[in-house]
Amino acid sequence: AAADSLFQVMNKLSSDKPSFHSHYSTTTKKRGRDGTSPRLSPVPDVLFQTAAIQASQVCSKFGYHGLAQLLMSRSNGLVPASASSNAASSNSATDTSSSGAGAGASSSSSNNNVAGLLPTIAQVQQAATKAHQEQPPWIHWSKSDMAHASMRVTSGHRLELQGNLSSNATRSGGLGYRMARANVGCHAGSHYFEIWVQDKTTPTTADILQALPPTVRLAPGLRWSLQAAVEYDERKQQPPVMPVKQPPAHRQSLDLSEKSSMAGESSDVVDSSTNKRLKSEQSEESFSRQTSAASSHKDQEPSPRRVGGHLRVGWSMRTGELQAPVGYDRWSFAIRDIGGSIITNSQRIDNWVGAEGFGPGDVIGCAISLEDVGENDKVDDDPDAASNNSIRFFKNGICMGEFVIAKGKRSGGEAPFHNDIPAGTYYPAVSCYLGGSVRANFGPKFLYPPRKLPAGLKLAPLSDLAAAPEKDPQVVMAQMTPIIKYLRTSGWKNPDYFQQVLQQAVQAEARILNNMYESYHRQNLLEIRKEREERGLATQDLETLLEGKDKGD
């Protein structure tokens, strides 16, 4: 009775004020046969709204996000006006028939009403495809946890990242070191992922000069590196597209003698960062110049250190600053490509035992070991508090740290950060600078599985933390049983047909979800096998898995 009264009030409002429906008409691009937008009105059935909300929550729990979004939109009350009108009259229509053909007509009318309220199979398929493209059912770089002005995702599987190097990026301050995090993190245990350093998009000096905005201000280290690269290109008769010695009128500010000192290799184009960050990144340039000068060869002129394409990889909490590189604050820990330096809280260690620089073609592994802190245990936020948490970095499968062998047992390998690693949830994190490009591999198989680990340490692939989508729609529908029972006991008309339509919708999304998931894992295995074959590595462990996927196991 309350639902019918509400519907009558809403109809009165819509007749008195035509603008009531015109507000909802703008939410759809579809138009009716007469060329006008279809009227949308609130669903008057409170029982259906309650059931739709509960069913949406069940779908979200199992990763069926497309159907969950459609059910939630229905529960919010936006459906075609004709469907809601039929739903409002379904009670009276079914009550007038009590036997024979009258009962059959009532059932058919009720079925049509439910079908009008529930999404169609075509709508489910469209919504599921879009939802799983935006939120894939595997670990990926999160679009909501990324500095978009500085980096972008460059693959359909959401595993590749590249630092921006375009005019749009420079205008928005996107040339600087920023951060991107994955959508899944770990809070206990030992987990591992690897980063493939790409070499297909390393920018040239000309590319960088083209991307610099007219009013750019560069740090001394970056000016020095650009000047050295330009002179090297001139001597090799490969001048950049836009020479530095004779810049055009609109780029007079690129004169290296007039640039103000603002940021180093990590700070790039200046923004409003703290003094702590500026000092840290300026000192990086000083170190990189010394490294470049020490690498000279007797018979051949050494090429200058590359200006762009730099990286930091590691781990970060959600509290870590996205608009700064990994290692900027005490909530993130990183290793950088220059010299293998490690950084946290803007404090860098350059010459730790086992450190190695890396570049295009290398594979950097990141492992973290965290103590299991129970819900009743107090977490100490003091950054100076001691902990047994540790982070290790690997280059092409070999741990970079210092090891000690005592009584036949191997121990050590931890990166010696200044600060202890506080308890919390840590996510894979990457910072790309001036076109730097990476591809993440979160498991379960790796290009370079970690080797020579300390005694007793077992690293689980990070992919173990991402549950596979439920393949059997019946498992999902089993969770819907209390919802159907609720509709029956509440006197809702034809809950069996509601269950039938809902089951068809679940099956439709299950097919799309599982096909996407299996296709991704097969493609990932094929890419790992291809890389291993090119590097002369064994592939026997991959062949069995690929054969199983070919058979549909």
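This is a short walk through a few parts of the structure above. Keep in mind that we're looking at a predicted model.

Okay, let's start with the sheet. Seven strands make up an open sheet, and the pairing is antiparallel. If you want to trace it, the order goes β3-β6-β17-β8-β9-β10-β11. Now, which strands stand at the edges? Those are β3, residues 141-146, and β11, residues 347-349. Each has a single partner strand, so one side of each is left without a neighbour in the sheet. From one strand to the next, the twist averages 30°.

Let's zoom in on one pairing there. Strand β8, residues 310-316, is joined to β17, residues 427-433, by seven bridges.

Next up, a single residue: E356. You'll find E356 in the loop between β11 and β12. Is E356 buried, exposed or partly exposed? Its relative accessible area is 39%, so we call E356 partly exposed. Setting aside neighbours within four places in sequence, E356 touches G339, G340, K395 and M400. With K395, there's a polar contact from side chain to side chain, at 3.5 Å. And M400 sits 44 residues away along the chain, yet the C-alpha atoms of E356 and M400 are separated by 7.1 Å.

Now for a helix, α13, which covers residues 481-489. Here I483, I484 and L487 are buried. Look down the axis and the buried residues of α13 fall within an arc of 100°, so they line one face of the helix. Just after α13 comes G491, with a positive phi of about 80°.

Last topic: aromatic rings. How many aromatic pairs does the structure hold? There are 10. One of them is F48 with F498, edge-to-face, 6.2 Å centre to centre and 85° between the planes. F48 is in helix α3 and F498 in helix α14, so this pair ties together parts 450 residues apart in sequence. Both F48 and F498 are buried.

Another pair is Y192 with F446, also edge-to-face, at 5.0 Å centre to centre and 85° between the planes. Y192 lies in strand β7 and F446 in the loop between β18 and β19, so that pair links parts 254 residues apart in sequence. Y192 is buried at 2% relative accessible area, and F446 counts as buried at 7%.

Finally, have a look at W141, F193, W315 and F442, which form one aromatic cluster.

Note on methods:
Residues are numbered from 1 along each chain as its sequence is written. This is a predicted model: local features need pLDDT of at least 70, side-chain atom pairs count only at pLDDT 80 or more; totals for chains, interfaces and linings use all residues. Side-chain values use heavy atoms; hydrogens and water are left out. Two strands pair if DSSP finds at least two bridges between them. Helices (H or I, at least four residues) and strands (E, at least two) are DSSP runs, numbered from the N terminus. Axes are lines fitted to C-alpha atoms, for helices over the stretch in contact, and angles run from 0 to 180 degrees between N-to-C directions. Buried means under 20% relative accessible area, exposed over 50%, partly exposed in between (1.4 Å probe, protein chains only). Contact means heavy atoms within 4.5 Å. A polar contact is a pair of N or O atoms within 3.5 Å; within protein, one must be able to donate a hydrogen and the other to accept it, and residues adjacent in sequence count only if both atoms are side-chain atoms. The arc is that of the directions from the helix axis to the C-beta atoms. Rings of Phe, Tyr and Trp (its six-membered ring) pair if their centres lie within 6.5 Å; planes under 30 degrees apart count as stacked, over 60 as edge-to-face and the rest as tilted.
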